[in-house]
Amino acid sequence: MTFNYKNILVGAGVTVLLGLTSLGTTSCRDEFIDLTDPTRLPTVEGYTDSLSIFNGVTATYASLQDLYGRSGGSRGLFIFGEIPSDNSFTVSSGERLNEYNDFTLVSDNQHLQSYWQSTYRTIARCNIVLNRGGAVKLTDATRNRFYAEVRFIRALAYFNAVRIWGEVPLVTREIESIPEAYEFGRQPVTEVYALIEEDLAFAEANLPPTQTTANLGRATKGAATALLGKVLLTQKKYQQAVSTLQPLATGTTYALQPAYANIFLTTNEMNSEIIFAARYSKGALGVGSAFSTWFMPALTAAVATTVNGNVGTGQQFNSVDPDLVAAFTASGTTDVRATASFGAFTSGSNPTLYYTKKYNDVPTSAFDAENDWIVLRYADVLLMYAEAVNELSGPNAAALTAVNQVIRRSRNLPVATPSATVDLPAATTREALRTRLEVERRLELNFEGHRWFDLVRTDRAIPVMNAFFTRANSTIRLSQNSLLFPIPVQEIQTNPILTQNPGYN
């Protein structure tokens, strides 16, 4: 059965992103779509044949739009991965996004609740497929592939959750009774990571190495490997991270795009560098992305049209901070990523506004653009591999080769050709490479949802952000309690065995 991620999600009969998932019976449909957390109960009907399981798997992919951002749903991962960092700022107090920017977050913030619900809706959908798939007549290979896909997505949902909240409820089965739903309290981070690693190991073993054009968007062995490498690196399991990432970093399955700007073109989606992405499609079908509108400056409609042909005025949810612009300036005028990453708009005596150009598609309406959200790409793998090698044993030729490819591309040079001008020398020290990797990851992956999590992973969030606030003449200062976000108060009120993170009410 072919599966073109974009086409099937907007095609007749399987418009799952519109909330109309077909699962075989009407009684099943509503409960399945409404299953948002462990306190909601699914029906036992609806999984009777291969098509119903196929549609259930498709519904787990549909959940990615809530995890990474959907108009009318969750704002997505950027509010956790970018806004709290030195890359971005927001002036959107009406949306309470400013609380993430200013570290004044209150546990009743609507976006905390929305992302929590999106997370556990995704996990519930995965668990339903895993629970009911065994009763459906399928070949072992097909069943294991479906299971591998949903276990990859479940691992991704839990990985985001554990980085946002730390200890979280670990739900690995379908909930069948109300009392059972209240058994799920927060579990140790080590147990959450153990499940993530187990899911990704199964996914690695049962997913195909690549997908055909007809199946673009589905998880692959490469996606499972890349995510597992990131999970291991986050836990500082450097030896395992090196072993996991090396085949990808030194292999030929993926390749850097010759031109940095080409990575983000909507005419070049799922290119050689993209390992996994949450996919969107414009055209008034209910499955378009909102990023181009969310991230644009708050301009008048006429001015917005002259800036990038945008429809609407822009909402300035995720604006490029001048500190990131200064980091690009420090990188030098030959760094082509600057031009591809952000644009500037100046109006009269108003301060210059910077906006990301990575989601610069012209939408058909204010929240209906084509841009995918890239979850994993090859440049990230190269930099992670170099970091893991460096932390394990210091720089070696393989680590320097990996990072030098990214640096060469940033200077518009052939990635495979050594350059005495820009390459890091063989004598680079561990500390020097550690510092350079922090800079390269910030510039290379800006506005892709990595910066805050990178700083936390490397134990650099407090010193880097406090230095940033000092430069900005701000009185904000981070402490250890700032590194996790509050558990939504609505969840604690619903399930009293849930506890709050330190520093929050």
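Helices here are DSSP runs of H or I with at least four residues, and strands are E runs of at least two, both numbered from the N terminus. What you see above is a predicted model, in which local features need pLDDT of at least 70 and side-chain atom pairs count only at pLDDT 80 or more, while totals for chains, interfaces and linings use all residues. Residues are numbered from 1 along each chain as its sequence is written, and side-chain values use heavy atoms, with hydrogens and water left out.

H17 is mostly covered, with 13 of its 16 residues buried, where buried means under 20% relative accessible area with a 1.4 Å probe and protein chains only.

One partner of H17 (residues 378-393) is H11 (residues 221-234), and the two pack at an angle of about 35°, with axes 10 Å apart; axes are lines fitted to C-alpha atoms over the stretch in contact, and angles run from 0 to 180 degrees between N-to-C directions. In contact terms, meaning heavy atoms within 4.5 Å, Ala226, Lys230 and Leu233 of H11 meet Asp380, Val381, Met384, Glu387 and Ala388 of H17.

Turning to the second pair, H3 (residues 50-62) and H7 (residues 110-132) pack at about 160°, their axes 9 Å apart, and these helices are therefore roughly antiparallel to each other, a term that applies to angles over 145 degrees. On the H3 side Ile53, Gly56, Val57, Ala59, Thr60 and Ala62 take part, meeting Arg125, Cys126, Val129 and Arg132 in H7.

Key
Buried means under 20% relative accessible area, exposed over 50%, partly exposed in between (1.4 Å probe, protein chains only). Angles under 35 degrees count as roughly parallel, over 145 as roughly antiparallel, 65 to 115 as roughly perpendicular and the rest as oblique.
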